[in-house]
Amino acid sequence: MKINPKLRFQLFMQNSFFVLLFLALVALLGYASRDYYVARDITQSNRNTLTEGSLNVLKQMPAPINITVFASNDDEYRRKIHAFLARYQRSKLDINVTYVNPAEQPKLAQEAGIKSEGELVVEYQKRSENLAPPYVEQDMTNLLVRLSRSNQRAVMYLEGHGERNMIGVKSHDLGEFGRNLEKKGFKLANPDLTKLPAVPTDGAMLVIAGPQVDVSAVEVQKIITYLEAGGNLLWLLEDDNLRGLQPVADFLGLTVYPGTVVDMSAAQQGADVKVAFNGLYGEHAITKNFMLRTLFPEARKIEARGTFENGWEVSQLVEVAGNGWLEKGSLDKVNFDDKTDEAGPINIAVALERVYGKKGQRAVIIGNANFLSNTFVTNGGNMDFGINMVNWLAGDDNFITIQPRPLKDVNVAIPPGSLAAPVIFLGFRYALPILLLVAGVWLWWRRRKA
């Protein structure tokens with residue numbers, strides 16, 4: 001075909017028009033990307049997106065979040081920080097990030113209490129807290145939860161009767177659970193009811209974690225008075241021996257049955273049959289969308305009917321041992337006896353709620369204290385379930401969520417001094433691009449000759 005000036009001009013106009021349309025499309029896509037974001041995380045641990053727990057926390061924070069990063073002007077280092085914070089910014093658009101070089105503004109860094117390179121100062125509704133590297137999603141989200149709590153009330157726990165200690169380090173204590181509550185913004189307090197005239201009313205709740213000796217009648221009366229005044233309660237039972245707390249059980253309409261839950265499905269998990277795995281969660285705010293497996297060693301059956309005069313609304317939380325039973329005989333040799341034992345499923349946890357004044361009143365009773373002990377609290381969803389209970393009792397329903405977990409990566413370890421590292425580096429940086437370029441030129445040449 002002979003190309004004359006007229007045809008050349010037409011081709012020029014067509015190509016120019018195509019380029020203009022293409023640039024307009026790119027501009028429109030860029031403009032749309034400011035308000036719309038679509039991504040798919042294909043990494044093994046989903047490390048480029050936030051977990052459900054973090055997303056739910058951000059949804060409960062309506063005000064802007066201001067983050068000041070105290071880092072040197074190293075572009076590579078700042079890019080790593082930006083990559084971490086970008087996951088939060090994509091989920092909450094009003095997260096504002098400012099970078100400050102502490103070497104250039106030492107006074108500002110000193111006033112912010114900066115102690116390490118790359119430290120963050122996170123501010124929300126005039127409250128702030130620092131976060132030092134290395135950055136982990138769980139630490140960042142816990143920090144945001146703490147900043148979200150406008151009223152930091154204490155989690156009080158009964159002590160002095162052999163209870164499981166909320167700050168203890170022994171295997172049967174609840175120290176790990178207590179430390180996680182502190183990370184969530186709660187304070188821990190242990191009021192001495194033998195000296196105080198009453199249980200403090202400014203706490204979020206009172207925790208009774210399996211006393212081993214009888215609680216005195218004077219202390220029991222103070223607990224009853226606390227409940228009558230609208231105090232919240234978390235009661236972790238060891239067995240059917242209430243250790244002097246029968247008046248508290250009567251106030252709640254609670255019945256604790258003798259016997260230990262036996263779960264035959266535990267053997268399939270490689271566990272002792274006295275460890276009960278959850279079979280069914282009840283319909284309640286604590287268990288809403290909660291799908292993690294929990295386990296309860298040596299659990300007890302409990303039941304709460306509430307009392308007519310107190311007006312409790314009762315909800316069953318956890319049923320276990322669907323193919324097990326409540327063993328009322330010796331645990332040395334477990335065999336189901338249909339004359340004495342009770343076939344599963346067995347309810348081991350209840351939540352009670354009633355209208356009291358303007359705030360209402362709540363209580364949770366679990367027929368097991370082992371599941372929050374240092375030995376078992378990190379198994380399955382035990383920690384998450386415990387934190388959900390405390391959040392509900394404290395009235396922080398918005399923070400009842402599956403907690404974010406540390407991400408685990410599959411790393412390739414290359415021994416020091418090995419030739420593999422430089423070979424892999426040179427291969428990906430030089431050999432592969434050159435190979436792709438040669439293949440492209442060869443393919444273009446073949447098509448042209450054809």
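Ala, Val, Leu, Ile, Met, Phe, Trp, Tyr, Cys and Pro count as nonpolar here, Asp, Glu, Lys and Arg as charged, and the others, Gly among them, as polar. These legends describe a predicted model.

**View 1. The largest cavity and its lining.** Rolling a probe the size of a water molecule over the atoms shows where empty space is left. The structure holds two cavities of 30 Å³ or more. The largest cavity has a volume of about 60 Å³. Its lining is formed by G210, P211, W235, L236, L237, E238, D239, N241, L242, R243 and L245. Sorted by class, that lining has six nonpolar, two polar and three charged residues.

**View 2. Helix α6 against helix α9.** Two packed helices are described by the angle between their axes and the distance between the axes. Helix α6 spans residues 175–183, and helix α9 spans residues 382–393. Their axes come within 11 Å and cross at roughly 55°. That angle makes α6 oblique to α9. The crossing is right-handed. On the α6 side, E176, F177, N180 and L181 make the contact; they meet M383, G386, I387 and V390 in α9. By class, this contact has five nonpolar, two polar and one charged residues.

**View 3. Helix α2 against helix α5.** Helix α2 covers residues 52–59, and helix α5 covers residues 137–148. The two axes come within 10 Å and cross at roughly 25°. Angles under 35 degrees count as roughly parallel, so α2 and α5 are roughly parallel to each other. α2 passes α5 in a left-handed crossing. S54, V57 and L58 of α2 touch E137, T141, L144 and V145 of α5. This contact has four nonpolar, two polar and one charged residues.

Methods. Residues are numbered from 1 along each chain as its sequence is written. This is a predicted model: local features need pLDDT of at least 70, side-chain atom pairs count only at pLDDT 80 or more; totals for chains, interfaces and linings use all residues. Side-chain values use heavy atoms; hydrogens and water are left out. On a 1 Å grid over the protein atoms alone, a cavity is a set of points where a 1.4 Å probe fits but cannot get out, and a pocket is an open set with protein on both sides within 12 Å along at least five of seven lines; lining residues have an atom within 4 Å of a point. Grid points are joined across faces, edges and corners, and a volume is the space filled by probe spheres set on the points. Axes are lines fitted to C-alpha atoms, for helices over the stretch in contact, and angles run from 0 to 180 degrees between N-to-C directions. Helices (H or I, at least four residues) and strands (E, at least two) are DSSP runs, numbered from the N terminus. Angles under 35 degrees count as roughly parallel, over 145 as roughly antiparallel, 65 to 115 as roughly perpendicular and the rest as oblique. A crossing is left-handed if the near helix is turned anticlockwise from the far one by less than a right angle, and right-handed if clockwise. Contact means heavy atoms within 4.5 Å.
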